[in-house]
Amino acid sequence: MVYEDFAHCPKETDGYKLVVTAFGIIGKQSDLRPNAELPLLLMKQRNGDGEAPWCFDLPGGAADAEDSNVGEDASLDGIHDRIHRKTLQRELLEEVGIRSAFHFRIGKPLWEVRHSERKVVEYHLFLAVPFGPPKESEEALNIAWVNPRSAFGLKIAGLDEQKQTMSPMGVMLYDGFSVVAKPMYDGPVTQEILSLTDTPLTTTDYGLLNGGRYFGRIANTGNVRIYRRLNPFMPRGHFVGDLECLANS
């Protein structure tokens, strides 16, 4: 079961262990320019061990003890979510050979309750700007650049087209598609936009607007870029909210 509020999840006092994870969206364009064509994301194929064997998913994984030691890492100094970003750095390097010091948070964390394992898994998602091309590894036997049209052609962890369901991995995949696509709106921050913000609009995060129907980030120009939040099982392929009036402005 997936939650957007940790308060609804079982706690350690209930006998559940919290596992914190971080995953990365790697766009083929690394300079964060809006992509006017079909968005492209890096996926990796797992090996036959562990959960979701041979499925494709996003590079990333669980935090470990060394990730809490962030004081000596100058690239993370002064940045919030430092432990999560340290986990992301390590996992990207281990799994797909990518170094990255620039990470843009996408939305808010998700929590998945696994009752059979007495575990709550916390998912953090970031857009990462890579230094150099990705590489295959023991943990990533194949890597692929995919777009929404081709995603269903791969065996994606937690994405079931027939049942029209998505696990946190599926949600994160399509949230990634959302923020590397061409923005629906690129213009001044209006009072209407401010009145619909769920999380603050910043230059370092893709915040949520209008009950999670859109993503928004402040560009270097000072404009806000607003992206539709994609979902392949919605009638239009995305959520529809009160900011659709900005699409043609």
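Reader: Where does K44 sit?
Author: In this predicted model, K44 lies in strand β3, which covers residues 41-45.

Reader: Is K44 buried or exposed?
Author: K44 is buried, because its relative accessibility is 3% and the cut-off for burial is under 20%.

Reader: Which residues does K44 touch, leaving out those up to four places away in sequence?
Author: Its contacts include C55, F56, D57, L58, P59 and G60. K44 also touches E95, V96, E139, A140, N142 and I143.

Reader: Let us turn to salt bridges. How many are there in the whole structure?
Author: A search of the whole structure finds 11 salt bridges. In general, side chains of opposite charge can pair when their charged atoms come close.

Reader: Which residues are linked with R90 in a network?
Author: The salt-bridge network links R90 with D64, E91 and E94. Within that network, the side chains of R90 and E91 meet at 3.1 Å, N to O.

Reader: Are R90 and E91 buried or exposed?
Author: R90 counts as buried at 11% relative accessibility, and E91 is buried as well, with a relative accessible area of 7%.

Reader: What does E117 pair with?
Author: E117 forms a salt bridge with R114, with the closest N and O atoms 3.9 Å apart. The side chain of E117 also meets that of K119 in a salt bridge, at 3.0 Å from N to O.

Reader: A change of topic: how many residues does the largest nonpolar core have?
Author: The largest nonpolar core has 34 residues. Those with the most contacts inside this core are I25, L58, I106, L173 and Y206.

Reader: Which of them gives the largest share?
Author: That is α3, which supplies eight residues of this core. As general background, nonpolar side chains tend to be buried together in soluble globular proteins.

Reader: How many residues are in the second, separate core?
Author: The second core has 12 residues, and I218, V224, L243 and L246 are among them.

Reader: Finally, where is D186?
Author: D186 is placed in strand β12, residues 185-187.

Reader: What are its contacts, leaving aside neighbours within four places?
Author: D186 is in contact with N223, V224 and R225. V224 is also one of the residues of the second core. The C-alpha atoms of D186 and N223 are separated by 6.2 Å, although these residues are 37 residues apart along the chain.

Reader: Which side chain makes a polar contact with that of D186?
Author: The side chain of R225 does, at 3.2 Å.

Reader: And how accessible is D186?
Author: D186 is partly exposed, with a relative accessible area of 39%.

Note on methods. Residues numbered from 1 in each chain as written. Predicted model: local features only at pLDDT ≥ 70, side-chain atom pairs only at ≥ 80, totals over all residues. Heavy atoms only, no water. Helix = DSSP H or I, 4+ residues; strand = E, 2+ residues; numbered from the N terminus. Buried < 20%, exposed > 50% of the residue type's maximum accessible area, 1.4 Å probe, protein only. Contact = heavy atoms within 4.5 Å. Polar contact = N/O pair within 3.5 Å; in protein donor to acceptor, adjacent residues only side chain to side chain. Salt bridge = Lys/Arg side-chain N within 4 Å of Asp/Glu carboxyl O. Core = buried A, V, L, I, M, F, W, Y, C linked by side-chain atoms within 4.5 Å.
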